[in-house]
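Dear colleague,

Please find below the structure that I am handing over to you. My notes on helix geometry and charged contacts follow it.

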2 protein chains.
Amino acid sequence: MQSNPNFAYVRGQVLPLEQATLHISDLSIQRGYGVFDYFRVFHGKPVFLDDYLERFHASAAAMNLEVPVPDSVLREAIDELIRRNNLPLSGMKMILTGGYSENGYDPAEASLIIQQQPLILPGPEMLEQGINVITHEYVREVPRAKTINYTMGIRLIGEIRRRGASDVLYQQNGVVSEFPRCNLFIVKQDNTVVTPADNVLLGVTRKNVLALAGKKYKAAEGTVTLEDVYGAKEVFLTSTTKRIVPIVQVDERVIGNGKPGEVTLSLLQDLVQLEEEKGARM
Amino acid sequence: MQSNPNFAYVRGQVLPLEQATLHISDLSIQRGYGVFDYFRVFHGKPVFLDDYLERFHASAAAMNLEVPVPDSVLREAIDELIRRNNLPLSGMKMILTGGYSENGYDPAEASLIIQQQPLILPGPEMLEQGINVITHEYVREVPRAKTINYTMGIRLIGEIRRRGASDVLYQQNGVVSEFPRCNLFIVKQDNTVVTPADNVLLGVTRKNVLALAGKKYKAAEGTVTLEDVYGAKEVFLTSTTKRIVPIVQVDERVIGNGKPGEVTLSLLQDLVQLEEEKGARM
């Protein structure tokens, strides 16, 4: 496959992807212990890299993991993969695990992996029609850290499909937080844009969309209940890979008129423009 | 190291341990997604193997994972490792992960790993003096499944050490459940033995100790509050590797007279005897 990346960085070495392995003593395999982050690369240029590196370090610190190389080495490794893989449009994933543990429980020197993957953006029908989501009672264990623990999200894949939905929105005691891999926004009837303040990952796209929304509308972080979601004029999600995707149904409730809304689509335009201004061309 | 195991089973192959690796696309590395189980092997003979295999299958089913080989092949692989590694006293760990995922999120054919490790039993001073534990507000995400997710337990290692403790007991809203890797028992002032009923892993040692306790005392599963623990006559933990370990302090509270209690130590004797009856000799 022409578009497949060829090289990955694993524990200090740049290797052909098929040789990119970890020993089974690694704490990701033994105990699911690690953090990661993910940013896009457009034509050789990482998008918002500083933001993602900052969050990667924050996640590592929250989980008592130490990035085993200085940022200069990390950035060089990223550059080397970009150069050697030569992909026009891609995502770069950095994973940091608890390392090769002697007793299978106590962390050792962290394992750092960097891999470059083809990037799949949402298709036009997803933007034209919007998606359906379901809800599930859950809060991530360490919401501010981007851990590799997706126990709940992946376990729910079957239920999401059975119910004809595309994703699952977490709520606890009627207060919503986030999706497994995306943040949530609602647009109230008066066009106020709100995203949950607590128990969420601080998404980079979330931050950018909140700032863009603030230029046109009232926009804030706050408490968002399930009732707020059901009664919203518009609902959408944000993520690094998906940017903005309209949500037209939550559980059995149709949102607004059941079609992607004006505010949502105008913010998507603004986001694409911001990316272009930052030098990222499609 | 003489006592180190030499061979492990990884995705259908028996390999020297140093070659036992998983590709970085494995869902354990990408998303911390997997289950496992662990049993002891004394002089070539697995102890309570049927119980552990049953639980392994239950964990896999709870996480929508399919064991990729029939039990006959699984048992043959275990036998082969026992034969080739020839360890007198060991633990055997079976790990089942979401497999080599194409997109890093959706499960593929599950990866099955079996590895044999030296077994370290608690030293005599641990049984003579007992241990201190702290508590932390948390409930595991899928308590009945033995998932590889130890995000919380490992994240708390530093705090446990700073507070001079050996382990952490999870509680939520004042109701206790379990330790990251062990079950909890309390002995009330009237010698009733109780272990938490809900939000716990159904430990094999827990089951055996509950049955043994029922022969001598009133014994039951039930709701155990933090106040019950603080006010108990005796407190102990159970696990496959540790059997029974007396707990003499929880948070800042000394349990009973601060020494391992009679009921605890008598149940430990009974447990060792049961293991011997089952053919496991030390």
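A salt bridge is counted here when a side-chain nitrogen of Lys or Arg lies within 4 Å of a carboxyl oxygen of Asp or Glu. This is a predicted model, in which local features need pLDDT of at least 70 and side-chain atom pairs count only at pLDDT 80 or more, while totals for chains, interfaces and linings use all residues. Residues are numbered from 1 along each chain as its sequence is written, chains are lettered from A and ligands numbered from 1 in the order in which they are written, and side-chain values use heavy atoms, with hydrogens and water left out.

Salt bridges

Over all chains, the count comes to 26 salt bridges. In chain B, one of them joins B:Glu275 to B:Arg243, with 2.6 Å between the closest N and O atoms. B:Glu275 belongs to helix H9 (residues 262-277) of chain B and B:Arg243 to strand S15 (residues 243-250) of chain B, so the contact ties together parts that are 32 residues apart in sequence. Helices (H or I, at least four residues) and strands (E, at least two) are DSSP runs, numbered from the N terminus. Both partners, B:Glu275 and B:Arg243, are buried, where buried means under 20% relative accessible area, exposed over 50%, and partly exposed in between (1.4 Å probe, protein chains only).

In chain A, A:Arg40 pairs with A:Glu275, the closest N and O atoms being 2.7 Å apart. Strand S4 (residues 34-42) of chain A holds A:Arg40 and helix H9 (residues 262-277) of chain A holds A:Glu275, so this pair ties together parts that are 235 residues apart in sequence. A:Arg40 and A:Glu275 are buried.

A further salt bridge connects A:Lys207 and A:Asp51 (3.0 Å, N to O). A:Lys207 is in helix H7 (residues 204-216) of chain A and A:Asp51 in helix H2 (residues 49-62) of chain A, 156 residues apart. A:Lys207 counts as partly exposed because its relative accessibility is 44%.

Helix H3 of chain A

The buried residues of H3(A) are A:Leu74, A:Ala77, A:Ile78, A:Leu81, A:Ile82 and A:Asn85. They lie on the same side of H3(A) because they cover an arc of only 135° around the axis, the arc being that of the directions from the helix axis to the C-beta atoms. The face turned away from this buried side carries the exposed residues A:Glu76 and A:Arg83. Just after H3(A), A:Asn86 takes a positive phi of about 50°.

With kind regards
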